[in-house]
Amino acid sequence: MIKDSEEINAYIKKGNDTLGTMGYTEHSERHAAKVAETAGKILRESGYGKNVIELARIAGYMHDIGNSINRSDHAHSGALMAFQILRDMGMDYKDIAVVVSAIGQHDESTGTAVDEVSAALILADKTDVRRNRVRNQNISTFDKHDRVNYAAISSELEIHADKKAIRLNIELDEEICSIMDYFEIFLQRMLMCKRASEILGMQFKLNANGNKIC
């Protein structure tokens with residue numbers, strides 16, 4: 001129902017178009033679907049039940065709808081939008097509360113993981129690093145986020161429930177962005193992932209080009 005909602009997809013498209021005009025990386029339905037899928041995978045492979053997994057998938061798909069209003073404070077405006085949409089859909093109020101809390105907490109400038117759904121959303125969103133999210137075709141004008149995403153040849157998030165670890169494996173083209181640059185640029189995001197992993201009773205691990213960073 002969420003993925004097929006014309007209203008939700010209209011907000012995602014508008015937000016993505018707006019961010020494209022402002023020079024930001026892709027935040028389309030593709031990003032929304034990937035975050036939803038990954039958030040569900042994290043909780044499923046960590047042993048959580050179907051309802052919690054589905055709430056994480058819903059939060060993952062809707063997390064960026066606030067960009068249709070403004071990039072600034074988009075997590076909070078998106079949470080308020082999601083509240084109205086989900087209430088109109090007849091979702092249980094307790095489930096709505098979980099979803100809007102996760103959306104409202106997903107931005108690194110204002111949020112933090114507070115439960116398993118917000119933790120899964122944060123991990124899924126902050127680890128979606130890939131070259132095809134970069135829309136700027138002029139490498140010489142890349143900002144720091146363009147450079148990191150374009151340098152990411154591959155990235156994979158692994159859940160090791162038996163070892164109580166969540167590992168991000170990333171391969172970077174170091175002629176575009178060094179491992180040190182990646183860690184410096186995305187330090188706040190990685191710390192957010194560390195906190196989110198701890199909420200799930202896990203440790204966050206980062207491997208870049210075969211090197212254990214943390």
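Student: How much of the protein is buried?
Tutor: Buried residues account for 49% of the 214 residues. Buried here means under 20% relative accessible area, exposed means over 50%, and partly exposed is in between (1.4 Å probe, protein chains only). Keep in mind that this is a predicted model: local features need pLDDT of at least 70, side-chain atom pairs count only at pLDDT 80 or more, and totals for chains, interfaces and linings use all residues. Residues are numbered from 1 along each chain as its sequence is written, and side-chain values use heavy atoms, with hydrogens and water left out.

Student: OK, and which elements does it have, in what order?
Tutor: There are 9 helices and 4 strands, running α-α-α-α-α-α-α-β-β-α-α-β-β from the N terminus. Those are DSSP runs numbered from the N terminus: helices are H or I with at least four residues, strands are E with at least two.

Student: What about its radius of gyration?
Tutor: The radius of gyration is 17 Å, which agrees with the value near 17 Å for a compact globule of 214 residues. That is taken over C-alpha atoms, and the globule rule is 2.2 Å times the number of residues to the power 0.38. Along the principal axes, the C-alpha atoms fill a box of roughly 50 × 45 × 25 Å.

Student: Let's do helix 1. Which of its residues are buried?
Tutor: Ile8, Asn9, Ile12, Gly15, Asn16 and Leu19. They cover an arc of only 125° around the axis, so they sit on the same side of helix 1. The arc is that of the directions from the helix axis to the C-beta atoms.

Student: What covers that side, and what's on the face turned away?
Tutor: The cover includes helix 2 (29-45), helix 3 (50-62) and helix 4 (74-88). The face turned away carries the exposed residues Glu6, Lys13 and Thr21. Just after helix 1, Gly23 takes a positive phi of about 95°.

Student: Which residues have the most contacts inside the largest nonpolar core?
Tutor: Ile42, Met62, Ile166 and Tyr182, in a core of 60 residues. A nonpolar core is a set of buried Ala, Val, Leu, Ile, Met, Phe, Trp, Tyr and Cys residues joined through side-chain atoms within 4.5 Å.

Student: What does Ile42 touch?
Tutor: Leaving aside neighbours within four places in sequence, Ile42 is in contact with Ala120, Leu123, Ala124, Leu157, Ile159, Ile166 and Leu200. Contact means heavy atoms within 4.5 Å.

Student: Switching topic: how many disulfides?
Tutor: The count comes to 0, where a disulfide is a pair of cysteine sulfur atoms within 2.5 Å. Cys177 is buried at 0% relative accessibility, and Cys193 is buried with a relative accessible area of 0%.

Student: And Arg133, buried or exposed?
Tutor: Buried, at 6% relative accessibility. Arg133 is in the loop between helix 6 (116-126) and helix 7 (144-151). Not counting residues up to four places away in sequence, Arg133 touches Thr25, Glu26, His27, His31, Asp128 and Asn149. Its C-alpha atom is 9.1 Å from that of Ser28, 105 residues apart along the chain.

Student: Last one: where is Asn209, and what's its phi?
Tutor: Asn209 is in the loop between strand 3 (203-208) and strand 4 (211-212). Its phi is near 50°, a positive value in a residue other than glycine. At 26% relative accessibility, Asn209 counts as partly exposed.
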